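Here's a quick tour of a protein chain for someone who likes to know how the numbers were made. Have the sequence and the model open as you read.

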Amino acid sequence: MPNAAASPARARMPERIRLSHPPVEVEVRRTRGARRLTLSVGRVDGALRITMPSAASLAEAQAFAERHSDWLAGALARRPKPLEPRAGAMLPVAGRMLEIASLGAPRARARIEDGKLWLPGGPEEAPARAKAWLRHHAREALVPAAHAYAAQLGRKVTRVTLRDTRSRWGSCTSAGALNFSWRLAMAPPEVLDYVAAHEAAHLVEMNHSPAFWAVVERILPGWQDSRNWLRDHGAELHRWKFDADAAED
């Protein structure tokens, strides 16, 4: 998705409010086009959000959330439980399920063998090791794909950054910097490839107009199945809770 390159306001972390009943944190987003306050649950990440006009105050958001505490409690009850990437868990890797296993030795090389993802270190290190492994493999796949699609369009990628973004799978700045979610390493390779093509297309069209989708079709015919996969299964990738997770917007 396009992203303004040099706006300090866009660079700030989202504002948040806390409720005691139910005990929950709610993200607050100010939107110029909003005329009233609304509550929603993120389709990708399951996060609770209030969208409100730019001029509204946090106190108004707090009061609004408290008036709708029953709705929030219901949304929390319906939200899927997080999954933990512990030793023995089945983790999606490039679209297939692998059992997490520990090699014991901290300097051993991670590998995939016999349907298992073997990770260095002991079982207690599995979440952090799995996160590092996924991040590494996401970079290995996304960086060359992004550069290749940009080259097809006669454009250049200035930088590729991997983050744990929760509201989007990728973004593109007007300066040519592309950002991706490393969680794409859990998706099938063709889905990861689609997101690379999608963001490269924004180097030509910084919007989602018909002209933009024509660019995507030109460099990646048949992209629709991958977009549908993200729509139908993307939230499952965000259920995995890795140690020291730090969600970014």
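## Surface and charge

The protein chain exposes about 13100 Å², and carbon and sulfur atoms supply 52% of it. Those accessible areas come from the Shrake-Rupley method with a 1.4 Å probe, and for residues only the protein chains shown count as cover. A word on provenance: this is a predicted model, where local features need pLDDT of at least 70, side-chain atom pairs count only at pLDDT 80 or more, and totals for chains, interfaces and linings use all residues. Residues are numbered from 1 along each chain as its sequence is written, while side-chain values use heavy atoms, with hydrogens and water left out.

On to charges: there are 37 positive and 27 negative ones in the protein chain, and their mean positions are 5 Å apart. Here Lys and Arg count as positive and Asp and Glu as negative, with His and the chain ends not counted. Each charge is placed at NZ of Lys, CZ of Arg, CG of Asp or CD of Glu.

## Overall build

The protein chain has 7 helices and 12 strands. These are DSSP runs numbered from the N terminus: helices are H or I with at least four residues, strands are E with at least two. The radius of gyration is 20 Å, close to the 18 Å the globule rule gives for 249 residues, so the chain is as compact as a globular protein of that length. That radius is taken over C-alpha atoms, and the rule is 2.2 Å times the number of residues to the power 0.38. Along its principal axes, the C-alpha trace spans about 55 × 45 × 30 Å.

How much of the chain is buried? Of the 249 residues, 44% count as buried, where buried means under 20% relative accessible area, exposed means over 50%, and partly exposed is in between (1.4 Å probe, protein chains only). Looking at contacts with a separation of 6 or more, residues 24 or more positions apart account for 53% of them. Contact means heavy atoms within 4.5 Å.

## Helix H2, one face in

Helix H2 covers residues 58-67, and its buried residues are Ala61, Phe64 and Ala65. Seen down the axis of H2, they fall within an arc of 95°, so they line one face of the helix. The arc is that of the directions from the helix axis to the C-beta atoms.

What do the buried residues of H2 pack against? Their partners are strands E2 (15-20), E3 (23-31), E4 (38-41) and E5 (48-53), plus helix H3 (69-78). On the other side of H2, Ala59 and Arg67 are exposed.

Serine 69, in helix H3, is in contact with both His21 and Pro22, leaving aside its neighbours within four places in sequence. This serine counts as buried at 18% relative accessibility.

Next along is proline 23, found in strand E3 and exposed at 69% relative accessible area. Its C-alpha atom is 8.8 Å from that of alanine 73, 50 residues apart along the chain.

## Two positive phi values

Most residues other than glycine have a negative phi, and most peptide bonds are trans. Alanine 94 has a positive phi, near 50°, in the loop between strand E6 (90-93) and strand E7 (96-102). At 37% relative accessibility, alanine 94 is partly exposed.

Aspartate 114 also has a positive phi, near 55°, and belongs to the loop between strand E8 (111-113) and strand E9 (116-119). Is aspartate 114 buried or exposed? At 70% relative accessibility, aspartate 114 counts as exposed.

Proline 127 is in helix H4 (residues 126-152) and is buried, with a relative accessible area of 0%. Its C-alpha atom lies 5.2 Å from that of proline 85, 42 residues apart along the chain.

Glutamate 217, in helix H6 (residues 210-219), is partly exposed at 32% relative accessible area. Not counting residues up to four places away in sequence, glutamate 217 touches Gly222, Trp223 and Gln224. The C-alpha atoms of glutamate 217 and alanine 201, 16 residues apart along the chain, are separated by 9.5 Å.
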